[in-house]
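I open these notes to record what I looked up in the model, entry by entry. I began with a helix and then moved to the strands, the loops and the confidence values.

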Amino acid sequence: MADANTSLVNNPNNKPAFSAFMTSKGVQARINQMVGGADGPRFISAVVSAVSVNPQLAECEHATILSAALLGESLKLSPSPQLGQYYMVPFNDKRRGAKVAQFQLGYKGYIQLAIRSGQYKKLNVLAIKEGELVRFDPLNEEIEVALISDEEKRERAETIGYYAMFEYTNGFRKAMYWSREKMMAHADKYSMAFSADKYRDLIAGKIPQSEMWKYSSFWYKDFDGMAYKTMLRQLISKWGIMSIDLQTAINKDMAVTYGDGSVEYVDNSADYAPQSDLEDSYVETVEAADPGAKQGGESGKQVGLSDL
């Protein structure tokens, strides 16, 4: 396996098709060892299918795709973009001069892993629409809302905030509410690829269509989806019971694992690929020239996992 990984890194332009890589003897031996011979064909088929919907992902170092997929398999999560449990996201690693695949846990993956622990009686995250919030008492963590009953009307309504809660089987309960402005300030502070001012321009239609490709951060593409994940991460990592699998997922979230086993956090900004982008050949690039990236040297800041 090491020889295959080395050849892929040193000869990125000559690497075989991803399907051929996955069926090579060295890779199959590793898959059989980690997944098992009986589940190997299912795993290979699922991963090849997930890669096929994103041509940019197929251009990544194949060893990083395999590592991300094996991590997802160890957590018993599906690589299917339609399920949204985790994503293998292509990144331009400027330091290495190559494209690499990053493991990113989706908010649905958080929910799946939490439910499996058997500790949670209830777990929910919800966007609060304009006119729905009556009050939120942060001291007692009680919310009063008047939800819009018409689903289509609710879908069109402007989002003003986000609510997340869980309740253990023993009755312990925790809840959070963040306004949309607080979420936007949070993203602006901790995401190197997001600017609140640029996002407002994007929403206002001030960004020319010819420049839309520059705004590839998932905070621009699916702000609500990113907000859901942030709320669950804040809630569970600080107050929730975390299984070993959930701890592993949080620790490896947004990481690239190379063929030699080394792990690198290419960018702390992107959390997951929204389902609405499944047909896009997007690729995240961490570079100051990106108008969505922080300027003035902020790109070197350190971000803690609990901050996202």
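**Entry 1. Helix H12**

I first checked how far helix H12 is covered, and I found 13 of its 17 residues buried. I note here that the model is a predicted one. From its first C-alpha to its last, H12 reaches 24 Å, which is close to the 24 Å expected at 1.5 Å a residue.

I then picked out Arg 233, which lies in H12, the helix of residues 223–239. Is Arg 233 buried or exposed? Its relative accessibility is 1%, so I count Arg 233 as buried, the cut-off being under 20%.

I next looked up what the side chain of Arg 233 reaches. With the side chain of Asp 253 it makes a polar contact at 2.7 Å. The backbone oxygen of Ile 250 is reached by the side chain of Arg 233 at 3.5 Å.

**Entry 2. Met 254**

I went on to Met 254, which sits in the loop between helix H13 (244–252) and strand E8 (256–257). Met 254 is not a glycine, yet I read a positive phi of about 70° for it.

**Entry 3. Glu 141**

I looked for a positive phi in another loop and noted Glu 141. Its phi is near 55°, a positive value in a residue other than glycine. Where is Glu 141 found? I located it in the loop between strand E4 (133–137) and strand E5 (142–145). With a relative accessible area of 15%, Glu 141 counts as buried, since the cut-off for that class is under 20%.

I turned to strand E6, residues 159–168. Of its 10 residues, 9 are buried, so I describe E6 as largely enclosed by the rest of the structure.

I then listed the pairings of E6. With strand E3 (residues 120–129) it pairs in the antiparallel sense over 9 bridges. Within that pairing I noted Phe 166 in E6 as the bridge partner of Leu 123. With strand E7 (residues 173–179), E6 pairs in the antiparallel sense over 7 bridges. There I noted Trp 178 in E7 as the bridge partner of Tyr 162.

E6 and E7 form a hairpin with 4 residues between the strands, and in this hairpin I found Gly 171 with a positive phi near 100°.

I asked next how many of the residues of strand E2 (residues 98–105) are buried.

I checked each face of E2 separately, and both are covered. Ala 98, Val 100, Gln 102 and Gln 104 are buried on one side, and Lys 99, Ala 101, Phe 103 and Leu 105 are buried on the other.

Strand E1 (residues 86–93) pairs with E2 in the antiparallel sense over 8 bridges. I noted Met 88 opposite Phe 103 in E2. The two strands form a hairpin with 4 residues between them, and Gly 97 in the turn has a positive phi of about 70°.

**Entry 4. Val 51**

I looked up Val 51, whose place is in helix H4 (residues 40–52). Its relative accessible area is 3%, and I record it as buried. Beyond residues up to four places away in sequence, Val 51 touches Phe 18, Leu 57, Ala 58 and Ile 65. Of these, I followed Phe 18: it is 33 residues from Val 51 in sequence, with 8.2 Å between the two C-alpha atoms.

**Entry 5. Whole protein and confidence**

I closed with totals for the protein. It has 13 helices and 10 strands, and 49% of its 308 residues count as buried. Among contacts between residues at least 6 apart in sequence, 68% join residues at least 24 apart. The protein exposes about 14,600 Å², and carbon and sulfur atoms supply 49% of that area.

For confidence, I read a mean pLDDT of 81, with 81% of the residues at 70 or more. Over residues 1–12 the pLDDT is below 50, and this stretch has 14 contacts in the model beyond near neighbours in sequence. Over residues 268–293 the pLDDT is also below 50, and I noted 100 contacts for this stretch beyond near neighbours in sequence.

Definitions and conventions. Residues are numbered from 1 along each chain as its sequence is written. This is a predicted model: local features need pLDDT of at least 70, side-chain atom pairs count only at pLDDT 80 or more; totals for chains, interfaces and linings use all residues. Side-chain values use heavy atoms; hydrogens and water are left out. Buried means under 20% relative accessible area, exposed over 50%, partly exposed in between (1.4 Å probe, protein chains only). A polar contact is a pair of N or O atoms within 3.5 Å; within protein, one must be able to donate a hydrogen and the other to accept it, and residues adjacent in sequence count only if both atoms are side-chain atoms. Contact means heavy atoms within 4.5 Å. Accessible areas come from the Shrake-Rupley method with a 1.4 Å probe; for residues, only the protein chains shown count as cover. The expected span of a helix is 1.5 Å times one less than its number of residues. Two strands pair if DSSP finds at least two bridges between them. pLDDT is the predictor's confidence in each residue, from 0 to 100.
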